[in-house]
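Walk through this two-chain model with an eye on how the chains meet.

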Amino acid sequence: MSALLSLAGRELRSRLILGTGGFPSLELLREAIEASGTELVTVALRRIDPAMRGSLVDVLEDAGVELLPNTAGCFTARDAVMTARLAREAFETDLVKLEVIGDERTLLPDAPELLVAAEELIDDGFTVLPYTNDDPILARRLEDVGCAAVMPAGSPIGSGIGIANPYNIALITEHANVPVVLDAGIGTASDAALAMELGCDAVLCASAISRAQDPPRMARAIRAAVEAGLAAREAGRIPRRRYAEASSPMHGLADLAGGPVE
Amino acid sequence: MIVNGEPRELPAGVTVTALVIDLGLPAGGRGVAVAVDGEIVPRGEWETHELDDEARVEVLTAMQGG
């Protein structure tokens, strides 16, 4: 049994953080939370919608999960800081998944703005979990300013491409002294397993589950993949070889070359 | 005043708490944050913070999001 995940002062049994975006209904979200075993879920902060039926906050509270508010949709450090402060008011939490987006097409992070926002929020007492690029140097800079984790993108949000640059993710996990959470790009269970095998401490997943044909079933699959990937990493994989290495002994082989017995 | 981008008819001097109730939200405002003219109004000040006719108010809450 692997140790608990220490993240942002919490001890979590689950290494799967669930994004709540994209679920077709609150009921499917509720079922997916249960199937995923998650203890931490992201939410966005938006204008109240008078037409909305059912309360997201009630569903999440009933599920017993902690909220991780995000700053999705912010393109500047200023907007992200303001959104984080509003989220702290609304949800009474210092946790924030810090997103500062640089481009609408890729939704990839804007590195300079991200660093500025991270520093400002940490100075203001926030526990900052930044959504970042798969850039080992930026990850180090975020750790240096006091982020509680780094959350590199495997590939663009919602793309389902998986981990585009496993080499960079491995570099980040090798050198980080804070938890590394693979955030964004997961398409299916094998991507989550790979993230854990590359040394990630957890996986954050939204669209791969919420937009799957059967979200609760995919939640179960990705949960199992996260556990499998971690177990495989801890078990120690064999080295890759250029040529085969027989697993059956070569001595004691029968001599089958002779003709029929006379 | 303008509430979430839409004009809303409310008597001048109405408090943030009264606006929150008028929007059909629980008075305690659990899961709700309010900004007036770009400044956050902490929940502890909702009872006393009065809104004028020109106020631009944002009333925000949790939505599903990654």
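The contact draws 25 residues from chain B and 32 residues from chain A. The model is a predicted one. The size of an interface is often given as the accessible area lost when the parts come together. Here, chain B and chain A bury about 2200 Å² between them. Carbon and sulfur atoms give 60% of that area. Three residues stand out on the chain B side. M63(B), Q64(B) and G66(B) supply 30% of the area that chain B buries against chain A, more than any other three residues.

The rule finds 4 salt bridges across the interface of chain B and chain A. One example joins D58(A) to R30(B), with the closest N and O atoms 2.5 Å apart.

Which elements of chain B give two or more residues to the side that touches chain A? They are β4 (32–36), β5 (39–40) and β7 (56–64) of chain B. The largest share comes from β7(B), with 7 residues. By residue class, the side of chain B that touches chain A divides into 13 nonpolar, 8 polar and 4 charged.

Now look at what β7(B) does across the contact. Strands of a sheet pair through backbone hydrogen bonds, either parallel or antiparallel. Strand β4 of chain A, residues 40–47, runs antiparallel to β7(B), and 5 bridges join the two. Within this pairing, V43(A) stands opposite Q64(B). Q64(B) is also one of the three residues that lead the area buried by chain B against chain A.

Stay with β4(A) and follow it into its own chain. Is this strand mostly covered or mostly open? It is mostly covered, as 6 of its 8 residues are buried. β4(A) also pairs with β3(A), this time in the parallel sense, over 2 bridges. There, G19(A) stands opposite T42(A).

The buried residues of α1(A) are L26(A), L29(A), A32(A), I33(A), A35(A) and S36(A). Just after the helix, G37(A) takes a positive phi of about 70 degrees.

Chain A has another sheet to find. This open sheet has 3 strands in the order β6-β7-β8, with parallel pairing. Its edge strands are β6 (95–98) and β8 (151–152) of chain A, and each pairs on one side only. β6(A) and strand β7 of chain A, residues 127–132, share 4 bridges. One bridge sets L98(A) against its partner P130(A) in β7(A).

Finish in chain B, at V41(B). This residue lies in the loop between β5 and β6 (50–51) of chain B. Why does V41(B) count as buried? Its relative accessible area is 3%, and the cut-off for buried is under 20%. Leaving aside neighbours within four places in sequence, V41(B) is in contact with V16(B), V34(B), A35(B), V36(B), W46(B) and H49(B), and with E89(A) from the other chain. The C-alpha atoms of V41(B) and E58(B) are separated by 10 Å, with the two residues 17 residues apart along the chain.

Terms used. Residues are numbered from 1 along each chain as its sequence is written. Chains are lettered from A and ligands numbered from 1 in the order in which they are written. This is a predicted model: local features need pLDDT of at least 70, side-chain atom pairs count only at pLDDT 80 or more; totals for chains, interfaces and linings use all residues. Side-chain values use heavy atoms; hydrogens and water are left out. Contact means heavy atoms within 4.5 Å. Buried area is the accessible area (1.4 Å probe) that two parts lose on being put together, summed over both. A salt bridge is a side-chain nitrogen of Lys or Arg within 4 Å of a carboxyl oxygen of Asp or Glu. Ala, Val, Leu, Ile, Met, Phe, Trp, Tyr, Cys and Pro count as nonpolar, Asp, Glu, Lys and Arg as charged, and the others, Gly among them, as polar. Two strands pair if DSSP finds at least two bridges between them. Buried means under 20% relative accessible area, exposed over 50%, partly exposed in between (1.4 Å probe, protein chains only).
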